[in-house]
Amino acid sequence: MLILSFKEGHDGAVVALEDGELLFSLEAEKDSYPRYDRLTADLLLRAAERLDRHPDAVAVGGWVKGWHSVEPPSRTGYFGVGPGSVSDEPGTFLGRPTRIFSSTHERSHIMTAYGLDPWQDGGPCYCLVWEGNIGSFYRIDESGHVTHLKHVLTDPGNKYAYLFALADPKFPDLPGHFRFQDAGKQMALTGFAERGAVLPEEKKLIEYLLDQEGILLNLPKSEVAWSPYHNIGVQTQEYKNLAAKLSDAIFARFHDYAAEHLTEGLPLLISGGCGLNCEWNRRWADCGLFSHVFVPPCPNDSGSALGTAIDAQLHYTGSARVSWDVYAGEEFVEDAAFDPARYDLRPLDYAEVARFLEQGNIIGWAQGRYEMGPRALGNRSILAAPFSKGTHTRLNAVKQRESYRPIAPICLESEAHRWFSGGVPDPHMLYFSDVRTDALQAVTHVDGSARVQTVTPEQNPRIARLLTAFGELTGYSVLCNTSLNFSGRGFINRTSDLIAYGEQHGLDGYVVKDTFVTRKTA
């Protein structure tokens, strides 16, 4: 059975599943479109080109007719897992009879984690969906039936990000205004916190924010001007301390419920945008309440089209199991040539690239199909040696990011234990680990942590060969790895953009498929 699935709204995507196998997951932001983009005609055409026959079913994720979750529903809508959360009806697609399926956005998150969990043995499990609007636990039985257990907290993701906006003097006093990138910035800044008891003014604000309903639409910044943290500045120590304590308070709400009520020792699946919070993921993995914890590589809305496709497959076939690979995007497009008057081109030699990186150079690396989800996992990456704080500074300048943002390491899984403890293996860069050496200055955050991606030759043979060559040269099979993209855009996916990016931001070289490219020396 061939299922073609669409996700409306921000983080738009198109997915195809056939007989339990993921054929592709194409995201609207990739190929240098704006981050969090909605579906585009170009994406739909590119998806259609990849299909060799008409789909048996078209799945459309429930959404809203607008920007906020409380607006009128589109198809099955945003919320719900019970009656009315799934629809299946006869319809027409491109002039041919086709089943038209829809299920709620809430279900899309659940099914992304449920269908992709590689350890799922057909038994029951728990699921946590925490995102901008939803904060709930569920139980999934042997047949895939979902039961809502507890609504723990409204708007956990929005409340987490709200604090950054409240402290940032540049954030406007406009109800409903939102910046998707604030949560990631706040996660970075919590690492700078000085731990201590919660102060009275911190406690007052944290409790006030957690008690809010509809925080984005109903609480402009001006109504919180009574707090000393209003417009205090996101790089003040007071804000960093408070951000860490708010993070602790949100996690505690969910952990306390789980410790009291989720007592069967079942697996825990985690989905929703808060599933990108590596500190929270590490705490869940370490809490000892669950037989295993699984977070998919696309827990945010970039995985929702896939979740709806999995839900449709479960509805039609009785099975949610999916065979998948994280490199499910499009192949790199070679639409331009490197000018031989400006660049030296030669066949890829991994030892030569390793030496080039060891000498302090930074390269753009483009291989195979791009990754699904927001994390660069070795196919659309900027790579550099991991040893120098100066490299960290230069990479953030190349990326046009704030100086406090950490740079992630990529490492051979077989050797990760030599330099990192906790959170490994981690093929999708979803957990924090502790760094065990002082040598990796470029990838060690201020609190001694790192968001490691571990790699095996089976998962990504090319990046594994480069890491092996770098390890043979330096003794460390570790590199800096950050996403290859223009600021505010999705991954670069064509040579013309790659060359433009390198010229604008000073990349020293490129590896595109089997070719190693460097600038000509004077």
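Good morning. In this predicted model, local features need pLDDT of at least 70 and side-chain atom pairs count only at pLDDT 80 or more, while totals for chains, interfaces and linings use all residues. Residues are numbered from 1 along each chain as its sequence is written, and side-chain values use heavy atoms, with hydrogens and water left out.

Let me begin with an open sheet of five strands, ordered E11-E10-E9-E12-E13 with mixed pairing. Strands here are DSSP runs (E, at least two residues), as helices are (H or I, at least four), numbered from the N terminus; two strands pair if DSSP finds at least two bridges between them. At the edges stand E11 (146–151) and E13 (293–294), each pairing on one side only. Within the sheet, E9 (residues 125–130) and E10 (residues 135–140) are antiparallel, over six bridges. Tyr-126 is found there opposite Arg-139 in E10.

Which helix lies across this sheet's strands? Helix H2, residues 105–116, lies across E9, E10, E11, E12 (268–271) and E13, contact being heavy atoms within 4.5 Å. H2 runs at about 130° to E12; axes are lines fitted to C-alpha atoms, for helices over the stretch in contact, and angles run from 0 to 180 degrees between N-to-C directions.

I turn now to strand E8, residues 96–103. E8 pairs in parallel with E4 (residues 57–61) over five bridges, where Val-58 has Ile-100 as its bridge partner. With E7 (residues 86–93), E8 pairs in the antiparallel sense over eight bridges, and Thr-92 stands opposite Pro-97. Two residues separate the strands of this E7 and E8 hairpin, in which Leu-94 adopts a positive phi near 55°.

Thank you.
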